[in-house]
Amino acid sequence: MGWSAAQYLKFEDERTRAARDLLAQVPPLPDGVAYDLGCGPGNSTELVIARFPDHRIVGIDSDPDMLSAARRRLPDRPFAQGDLASWTPPEPAALLFANAVFQWVPDHLTVVSRLMDRLLPGGVLAVQMPDNLGEPSHTGMAATAGDPRWAPYFVEKPPRAPLPPVNAYYDALAPKAARLDIWHTIYNHPMADAAAIVEWVKGTGLRPYLARLPAEAQDGFLEAYRQGLEQAYRQTADGHVLLRFPRLFVVAVKA
């Protein structure tokens with residue numbers, strides 16, 4: 001099931017906030033090319049360009065729809081298709097910026113360690129990933145998939161493994177780094193209701209689930225999932241619900 005740039009951008013402000021927070025911790029860069037890995041529709045690329053206007057910025061993504069949206073958004077900037085499981089910059093890079101992409105890459109700890117080797121001295125690896133598989137937004141997906149109405153479609157669980165422990169990132173990157181910062185931030189996004197949370201995750205976490213369902217089963221699955229979210233998320237005094245969203249951040253400067 002391919003990505004949808006239009007669905008992803010329904011919550012552009014909220015999704016871009018983590019990219020801004022990650023970019024704010026990136027120090028000055030050496031001369032060289034900066035890459036936005038998993039650039040999506042170009043919203044994060046736009047931020048990198050604004051922060052480092054004197055650098056050549058290249059967006060990399062595996063999905064054609066996302067790349068088309070990025071090229072429409074930033075027609076004068078280069079974008080290229082690449083699978084981050086195997087992609088490597090053709091020459092050592094000044095910046096490898098990856099906002100909310102490596103959680104989808106199998107064995108990504110090995111990948112980010114390899115990419116660290118492809119930085120210039122003083123170059124920066126900046127990574128942000130959702131760490132929300134324990135939140136109701138995601139436990140609810142698994143619970144709905146276990147319903148007898150849909151369980152036959154989910155004999156194998158949809159892919160996305162929990163993130164490794166923080167120590168694993170430290171141990172992999174610290175020997176190669178002059179500076180290494182690792183932290184978590186928990187966002188609480190006000191959403192109109194449970195249906196809005198469904199729309200949010202339809203652009204990300206629900207994609208592997210919907211990909212396994214026939215078209216005629218998807219509406220029923222989504223409605224059952226929405227009903228579960230209504231029970232899990234308490235309304236605020238003004239009628240909203242707060243989408244609690246933990247994210248892991250890593251900024252490593254190459255020694």
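**Close-up views of a predicted model**

**View 1. The loop that holds Asp 107.** In this predicted model, Asp 107 belongs to the loop between strand 4 and helix 5. Its phi is near 50°, which is a positive value in a residue other than glycine. Most residues other than glycine have a negative phi. Asp 107 has a relative accessible area of 55%, and because a residue counts as exposed when this value is over 50%, Asp 107 is classed as exposed. The loop between strand 4 (93-99) and helix 5 (108-116) also contains Ala 100, and although Ala 100 is not a glycine, its phi is positive as well, at about 55°.

**View 2. Strand 7 and its pairing partners.** Strand 7 (residues 241-254) has 12 of its 14 residues buried, and it is therefore largely enclosed by the rest of the structure. With strand 6 (residues 177-191), strand 7 pairs in the antiparallel sense over 14 bridges, and in this pairing Arg 179 stands opposite Val 253 of strand 7. Strand 5 (residues 119-130) also runs antiparallel to strand 7, to which it is joined by seven bridges; here Ala 126 is the residue that stands opposite Val 251 of strand 7.

**View 3. The packing of helix 8 against helix 10.** Helix 8 (residues 194-202) packs on helix 10 (residues 215-232) at an angle of about 125°, and the axes of the two helices are 9 Å apart. Helix 8 and helix 10 are therefore oblique to each other, and their crossing is right-handed. On the side of helix 8, the contact is made by Ala 194, Ala 195, Ile 197, Val 198, Val 201 and Lys 202, while helix 10 contributes Leu 222, Tyr 225, Arg 226, Leu 229 and Glu 230.

**View 4. The surroundings of Thr 144.** Thr 144 is a residue of helix 6 (residues 136-145). With a relative accessible area of 8%, Thr 144 is buried, because the limit for that class is under 20%. When residues up to four places away in sequence are not counted, Thr 144 touches Trp 150, Phe 221, Ala 224 and Tyr 225.

Conventions:
Residues are numbered from 1 along each chain as its sequence is written. This is a predicted model: local features need pLDDT of at least 70, side-chain atom pairs count only at pLDDT 80 or more; totals for chains, interfaces and linings use all residues. Side-chain values use heavy atoms; hydrogens and water are left out. Axes are lines fitted to C-alpha atoms, for helices over the stretch in contact, and angles run from 0 to 180 degrees between N-to-C directions. Helices (H or I, at least four residues) and strands (E, at least two) are DSSP runs, numbered from the N terminus. Angles under 35 degrees count as roughly parallel, over 145 as roughly antiparallel, 65 to 115 as roughly perpendicular and the rest as oblique. A crossing is left-handed if the near helix is turned anticlockwise from the far one by less than a right angle, and right-handed if clockwise. Contact means heavy atoms within 4.5 Å. Buried means under 20% relative accessible area, exposed over 50%, partly exposed in between (1.4 Å probe, protein chains only). Two strands pair if DSSP finds at least two bridges between them.
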